[in-house]
Amino acid sequence: MASEIHMSGPECLIEIINGRLLVNPKALKILSAIQQPIVVVAIVGLYRTGKSYLMNKLAGKNKGFSLGSTVQSHTKGIWMWCVPHPKKPDHTLVLLDTEGLGDVEKGDNQNDSWIFALAVLLSSTFVYNSMGTINQQAMDQLHYVTELTDRIRAKVSPEVDGVEDSADFVSFFPDFVWTLRDFSLDLEADGQSITADEYLENSLKLKKGLETLVQTYVNAINSGNLPCMENAVLALAEIENAAAVKKAIAHYDQQMGQKLQLPTETLQELLDLHRTIEKEAIEVFMRRSLKDIDHLFQKELAAQLDKKRDDFCNKNLKASSDHCSALLKDIFSPLEEGVKEGIYSKPGGYRLFIEKIQELKKKYLQEPRKGIQAEEILQEYLKSKESVSGAILQTDQTLSEKEKLIEVEHVKAESAQAAAKMLEEMQIKNQQMMEQKEKSYQEHVQQLTEKMERDRAQLLQEQKRTLSLKLQEQTRLLQEGFQEENRRLHNEIQTLQKKMNEPRQGCCLI
């Protein structure tokens with residue numbers, strides 16, 4: 001899959017037909033193919049105010065989004081253009097140009113409200129475009145903002161009083177940029193020079209009296225429900241986390257396929273390689289996972305990785321067994337031929353038989369990379385020759401009965417010694433497997449803990465930003481005499497401070 005999405009021009013993302021919002025499948029396919037982090041910039045404003053021209057400039061193009069020179073709105077619905085980010089390497093800039101608000105030909109302002117709401121929900125930076133200065137008329141035209149709480153829910157279940165905390169919306173909402181076309185006034189207030197941000201803040205003082213998200217929000221609107229940001233994020237998380245598991249497993253399979261050569265000389269060699277690649281796979285999952293509630297998807301990843309490890313262990317056993325069996329058949333073929341020809345069925349033949357076995361056994365043991373079944377397969381082969389060895393021993397007339405008994409006991413002792421050795425090796429392998437399982441668990445816990453710490457730090461930073469905004473707003477409300485709004489904001493501040501002081505929770509995978 002290409003690392004970048006190259007679009008020669010914009011594509012319709014959402015269109016309005018007979019009062020219903022319809023998502024363009026072709027546009028969704030383009031979005032689903034993007035593997036890079038994305039920055040989504042949406043622009044909204046009255047029709048014929050130069051929105052499309054501004055978006056073409058952001059795309060670094062002279063043309064692309066439809067421009068018009070008449071009083072009719074040219075852009076219909078929401079159009080999308082994915083281009084390489086001009087300042088962030090390995091990022092994709094998704095530009096959303098929206099249908100102009102207030103077009104008298106539409107007759108129904110309902111579409112305008114939903115277009116505005118979708119632009120807010122889908123973007124990481126929201127641009128509101130208008131003409132001239134920010135006056136009362138411009139503020140009145142921004143009434144769509146006041147309707148957002150009527151059209152969007154932050155959580156599935158609001159607070160006890162049925163009113164949602166504005167902090168819940170702040171955590172979801174994008175950065176806000178107000179662009180002014182043909183602005184000609186000096187930036188001054190009370191005779192003092194002010195910044196563009198200060199001008200916007202003064203103008204906004206209170207007056208009394210992306211694939212999955214697009215489809216989720218549009219479906220909610222068309223069904224008559226309010227699009228819920230919490231539901232949308234959870235739906236997105238389901239898809240992203242499933243994709244994260246799939247990507248992590250694909251990485252594991254690819255790396256093991258490239259680096260693992262079966263059979264391995266020891267079990268530990270296989271387990272060490274598994275642990276290294278398992279760690280990488282968990283990192284791949286952590287980078288992509290999103291709101292993995294109760295760590296269900298990480299547990300699924302752990303289960304799949306455990307199964308992959310066990311499968312490789314079984315393949316390793318079989319590869320070693322098959323290789324050793326073929327090797328024994330080849331090396332011990334002279335012995336087999338000698339038995340068939342009867343060269344050991346004569347006086348002194350038993351000694352010749354034992355010497356030949358020791359010679360071929362030594363040759364077998366010198367062969368490299370036989371794998372973990374080398375000793376077990378050898379002992380199975382030697383055990384299968386005990387009846388032949390016993391027959392040769394009994395027919396050897398050069399040995400006394402006492403010597404024959406001694407040889408029988410010697411064979412039994414060697415067999416017992418070999419069995420004890422295999423038992424010890426099996427216990428070592430079992431211990432290595434137990435240690436590996438514990439290391440795997442600890443690796444999951446460690447990476448999960450680190451991710452939770454990063455997420456908590458980010459959440460705390462967002463909460464501090466929200467608290468700072470609320471405190472500034474509270475100060476302004478007190479100065480301007482808005483007592484009721486101040487009490488509401490005070491309650492929200494206390495709630496947010498409690499959230500910020502909540503103790504950290506540990507992580508546990510079961």
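Start by selecting glutamate 425, which is partly exposed at a relative accessible area of 27% (that label covers the range between buried, under 20%, and exposed, over 50%, using a 1.4 Å probe and protein chains only). What you have open is a predicted model, where local features need pLDDT of at least 70, side-chain atom pairs count only at pLDDT 80 or more, and totals for chains, interfaces and linings use all residues. Residues are numbered from 1 along each chain as its sequence is written, and side-chain values use heavy atoms, with hydrogens and water left out.

Zoom out next. The chain has 18 helices and nine strands, and 40% of its 510 residues are buried.

Next, pick Leu13, Met80, Val94, Leu96 and Val214. These have the most contacts inside the largest nonpolar core, a set of 45 residues (a core is made of buried Ala, Val, Leu, Ile, Met, Phe, Trp, Tyr and Cys residues joined through side-chain atoms within 4.5 Å). Helix H3, residues 110-122, supplies the largest share of this core, eight residues. Apart from that core lies another, of 25 residues, including Leu260 and Ile277.

Last stop: the cysteines. Cysteine 313 is buried at 10% relative accessible area, and cysteine 324 is buried too, at 0%. Counting cysteine sulfur pairs within 2.5 Å as disulfides gives zero.

Technical notes:
Helix = DSSP H or I, 4+ residues; strand = E, 2+ residues; numbered from the N terminus.
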